[in-house]
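Good morning, and thank you for coming.

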Amino acid sequence: MKSILRSNFVLLFLLLFLVFFQYIINIRTFFVSDPLIKMIQVMSLWENKWSTEGIIYPAISIDPDFLLSPFNDGFIFKNNDRLIGNYPIAFTFLYSLIGFIPFTFLPYFNVLFLFLFILLLYKNNIQVKSIVIIVLGSVIFPLLLDFSENGFFLVLGSYGYVFLWKAFQKEKTSDWILGNLLLGLSLWFRLEGILFFASIHITILFLELKNKSFQIKNLFRIERYIVFTLLLILFLSWNQYSYSHPLGPRYLATYSNTGKSIFTQLPIFLSMIFTYPRENGFSVGFFLISPILLFSLLYSFKNKFKEVNISFHSMVTCIFFFIVGMTSPNDGITLTGRYFLLSLTPLAFILNEKLIELEQKKITYYILLFWNVLATIIVLAIFYFTSKELRKVQADVKKIESPLVVTTNEFISGAFGLKLIESKVVCIRNQNLVNYFFENSKTNSVREFSVLTVAKSTKYIENEHDIYQEILKVANQFDFQCENAEIIGKIMSNRCKLK
């Protein structure tokens, strides 16, 4: 009885810690980069009363070609005569339905997805120690901190996986159907759902051949594929109709123009799975954060396919790693290895089986645990200090009162946060676009604007200061008079008015 209470307390702690840390980093204002665009998509749907999924962009008259996006470059783009975000409509639509709740509270809903994921593992006899390692010692926790589709994707993909695993064991029709249904729904949130489904069925085919239980008729059994296939066809058809491409806006934004070969894809794969050098240092990949999962996976190969369950989980994991790693457009950038999120479900089963074996090698086990704890602390510290810096910049931009704001980098423009849906803010990243801005400003009779850039000049932002000076120079040519620069915190601001 005491052990059950202790286990429940530990699992409750995981849920409360997620909410607590969200509160610590002030998640209600932590809208920058990806989370900002996702929330703007949700708010636009709500404000437009679902008549269009086009993004509300107050500065569209000044920037009709959308070349001065205040958001991450390329994450919002023109498609079929409208501005759209690259994140899934299923995710943004579901959250827009509860727009009567203050939008800034929506990230706290992630605790429900964490609860459902923990419940799945617990109900399938994963010991509490393994659950703690999987949740806190992997990409799951940081991915559930901010506003994203990862909660939906994790739950749908994980439950779908478990149903298909059980279907493989027991050949129960309802398990096949439920597994197909949930994985079919997951692909509406992230494209990796298709790859995860493929990994599972390649594994099933291999193990059936290995165990001499394969029958040709299995390839044509309706319950094995039909539900997923129907959802996939619906998904592809919707995307083709809505975005003129079957794989949708995510593909259009991040995949379509990559032009990668196997030689350029290999460094991305290495960066995701472990590490690879970058311009600003080395990436921190999936197994560099969670080395204990790598060791448990390696230990699973010792059985040489004698243990069917372990073989199933191991094969799915390895196939999924390979397919995702060799098809991803990038390494995840902000959190390398995040595209491997669904692999954590089979890895949880592997870790659970191999944990006793790992614990027997005490020195190795404690080193791995220490590494995992240290990696988790570092990742959480990055979130904390990022939020701290973001709040400072947000406080600085709040002091700027101007009908139109021009910035030289997307971090400053992004600091306006959810106010971007009502404020005219543009970002000029290239000197060649300065004249474009002023020509459109003249057409729209702009009489006043403020220019913002980083106050402290460094070698990393030399280009920004060149753009800043070019704006002031061209402003004079268009009869604007700019006041002396004002330093507001880390921002340098100039107010320009028509003479």
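What is the handedness of the link of Cys482 and Cys496? The link is right-handed, with 105 degrees about the S-S bond. Cys482 lies in strand 8 (residues 480-482) and Cys496 in strand 10 (residues 491-498), 14 residues apart, and the pair links distant parts of the chain. Helices (H or I, at least four residues) and strands (E, at least two) are DSSP runs, numbered from the N terminus.

A word on the source. This is a predicted model, in which local features need pLDDT of at least 70 and side-chain atom pairs count only at pLDDT 80 or more, while totals for chains, interfaces and linings use all residues. Residues are numbered from 1 along each chain as its sequence is written, and side-chain values use heavy atoms, with hydrogens and water left out.

The structure holds one disulfide, a term for a pair of cysteine sulfur atoms within 2.5 Å. The sulfur atoms of Cys482 and Cys496 are 2.1 Å apart. Cys427 has its closest cysteine sulfur in Cys496, at 16 Å, which is too far for a bond.

As for accessibility, buried means under 20% relative accessible area, exposed over 50%, and partly exposed in between (1.4 Å probe, protein chains only). Cys496 is buried at 0%, and so is Cys427, at 0%. Cys482 is partly exposed at 25%, and Cys318 is partly exposed at 30%.

Finally, helix 17 (residues 362-398) gives the most to the lining of the second largest pocket, with five residues.
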